[in-house]
Amino acid sequence: MRVAFVAKGGSGKTTVSSLFVRYALSQGKQVTAIDGDMNQHLSTALGLNLDALKIKDLGNNEARLRELLGSNHAYIEDIKQMIESTPAGEGSHLFTSNSSSPVWDEFSYKQENLRFLTAGAFKNENMAETCYHTYTGAVTMFLNHFIDRKDELVVVDMTAGSDPYTSGMFSRFDAVVLVLEPTLKSMAVYDQCMQYGKDYDIPLYVVANKIEDNSDLEFIKEKVGGDLIAYMVSSTFIRQQERGVWQDIDCLEIENLKALHIVLEKVMATPKDWDKYQKFGEKFHQIKAEGWGNAIYGGDLMKQVDPNFSYAKIAKSMEAL
């Protein structure tokens, strides 16, 4: 199951997503965690030393990732024309969490049931030349070739705001968790996500964060109604962790552990639909091809879509259903 964590900047998205990863691991789940935020704080929140992991990041090594994933794709004429939304097809390199893959070897850190990858930090030499969409696009490319099982988790800490919706990246997930704090600015992100996602059947689950009293909770409930599934209260555990005091996840406040349990149950109960994933992927590929891809590469990038390819059939053949 794939879940994206989104929020207004400063709402606690990275903190909540990292706690969710740690809780899921404590419950025996296999988790692939990806830091897709330009600020790149997920590794620290998970207690990992990113500098010591010695892995390539996806965004700054997008050309290598493209080579690994698409070099043998039967419908790509030139590997340089493979863009973030190019769907997998005949000859693509597809892999599961348990299969061997050069993608795992080069881009991931593994620790027991956790795999960690990162989009990477924006480099000075890229200033004014590109935007962070190049980095999140590499994450999309990874997701389009990773065949995950329903009983495992892929958790991505996304960029702040509604950007995951406007870029179409939200369509690469089974569910989206929106972390809201009780402020009007945070509510505005909820409105944007609802507006952009209204034509797509991808569940949006709201987790209220930084709840100090009942008035905070009622403020959010009044706005989001039944989309609110859980809430996180003020936490000494989190404050101490942000000061470098590391504790086992079981030491988290009972109310917050309950919230994480609810989120885990809700996400795991979400239907996994590879046919929907493929349909939306091809739709956004067409939008990107017609919007800018065809003009840049001088050809029809919709020819990259393999008419005979089926994610559902591939998932079944790879025993990932």
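1. Helix α12 (residues 274-297) gives the most to the lining of the second largest cavity, with three residues. Helices here are DSSP runs of H or I with at least four residues, numbered from the N terminus. A cavity is a set of points on a 1 Å grid over the protein atoms alone where a 1.4 Å probe fits but cannot get out, and lining residues have an atom within 4 Å of a point.

2. A word on the source: this is a predicted model, where local features need pLDDT of at least 70, side-chain atom pairs count only at pLDDT 80 or more, and totals for chains, interfaces and linings use all residues. Residues are numbered from 1 along each chain as its sequence is written, and side-chain values use heavy atoms, with hydrogens and water left out.

3. Among the residues that line it are Glu 84, Thr 140, Arg 172, Phe 284 and Lys 288.

4. The largest cavity holds about 100 Å³ of space. Of its 13 lining residues, Phe 173, Asp 174, Asp 273, Lys 276 and Tyr 277 lie nearest the centre. Here too, α12 supplies the largest share of the lining, three residues.

Technical notes:
On a 1 Å grid over the protein atoms alone, a cavity is a set of points where a 1.4 Å probe fits but cannot get out, and a pocket is an open set with protein on both sides within 12 Å along at least five of seven lines; lining residues have an atom within 4 Å of a point. Grid points are joined across faces, edges and corners, and a volume is the space filled by probe spheres set on the points. Helices (H or I, at least four residues) and strands (E, at least two) are DSSP runs, numbered from the N terminus.
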